[in-house]
Amino acid sequence: MNSPPGLFSNQPLSSGTETAPQPDQAPVINWRICLICFAINLAIILSSLFLMIGLHIEHPDDMKQVNRAQLAVMAILLAPLAETYLFFQLPYQLVRKFLPFPKLVWGVSFLITLSLFIYEHHGGSPHGLHRDWPLAFLVGGVGGATFFSCFYFTHRSGYGSPFWTTTLCHLFYNTCITLITLFP
């Protein structure tokens, strides 16, 4: 049984009625990068949290006072969109306008992103959960670095949208963490 021309190889299309995929039909999500970054982030965070529990580093008691449904909606739907835009897309776009050197743009963007992400995950927002600094550095630092890697590698690959790939990776991660922490 033969496969259609061009499906698994660089065979030319056989007739003039078939058309090759157009560049404007590029995928929105780079699934490979999204899922790799998600798995790395989840593995690091979960193993680190188990280590923190083993070392008796206490988690704040803020979870007793939180509306679980509201927090789940915010963490799963709103945070990935808002944080990807505010902490990844916007700093990169602004730094790119002012710095002409691509390597410097990525380095400065990374530092800005990581600083903002750590601060936000410490309790920087008015309605955010307050975390101690070790937990903020763990969640914000590892999450920020992993999501920035997702944004960077998607951009470098030229395949998929860095914004949407990072947003989806963040959504997957937040969904898992929300299910684990809010609904044990």
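Reader: How many helices does the secondary structure of the protein chain come to?

Author: From the N terminus on, the elements run α-α-α-α-α. The chain has 0 strands, and its helices come to 5.

Reader: Against which helices do the buried residues of helix 1 pack?

Author: Helix 1 covers residues 31-54 and reaches 34 Å from its first C-alpha to its last. Its buried residues include I33, F38, L42 and M52. The buried residues of this helix pack against helix 4 (133-157) and helix 5 (162-182).

Reader: Is L77 buried, partly exposed or exposed?

Author: L77 lies in helix 2, residues 68-98. Together with V73, M74 and L78, L77 forms a nonpolar patch on the surface, with about 360 Å² of accessible area in total. Buried means under 20% relative accessible area and exposed means over 50%. Because the relative accessible area of L77 is 49%, this residue is partly exposed.

Reader: Over which residues does pLDDT stay under 50?

Author: The protein chain averages a pLDDT of 80, and 74% of the residues score at least 70. Where pLDDT is low, the predicted coordinates should not be read in detail. One stretch, with 10 contacts beyond four places in sequence, stays under 50: residues 1-21.

Note on methods. Residues are numbered from 1 along each chain as its sequence is written. This is a predicted model: local features need pLDDT of at least 70, side-chain atom pairs count only at pLDDT 80 or more; totals for chains, interfaces and linings use all residues. Side-chain values use heavy atoms; hydrogens and water are left out. Patches are made of residues with over 30% relative accessible area and no salt bridge: like charges are joined within 9 Å, nonpolar side chains (Val, Leu, Ile, Met, Phe, Trp, Tyr) within 5 Å. Accessible areas come from the Shrake-Rupley method with a 1.4 Å probe; for residues, only the protein chains shown count as cover. A salt bridge is a side-chain nitrogen of Lys or Arg within 4 Å of a carboxyl oxygen of Asp or Glu. Helices (H or I, at least four residues) and strands (E, at least two) are DSSP runs, numbered from the N terminus. Buried means under 20% relative accessible area, exposed over 50%, partly exposed in between (1.4 Å probe, protein chains only). The expected span of a helix is 1.5 Å times one less than its number of residues. Contact means heavy atoms within 4.5 Å. pLDDT is the predictor's confidence in each residue, from 0 to 100.
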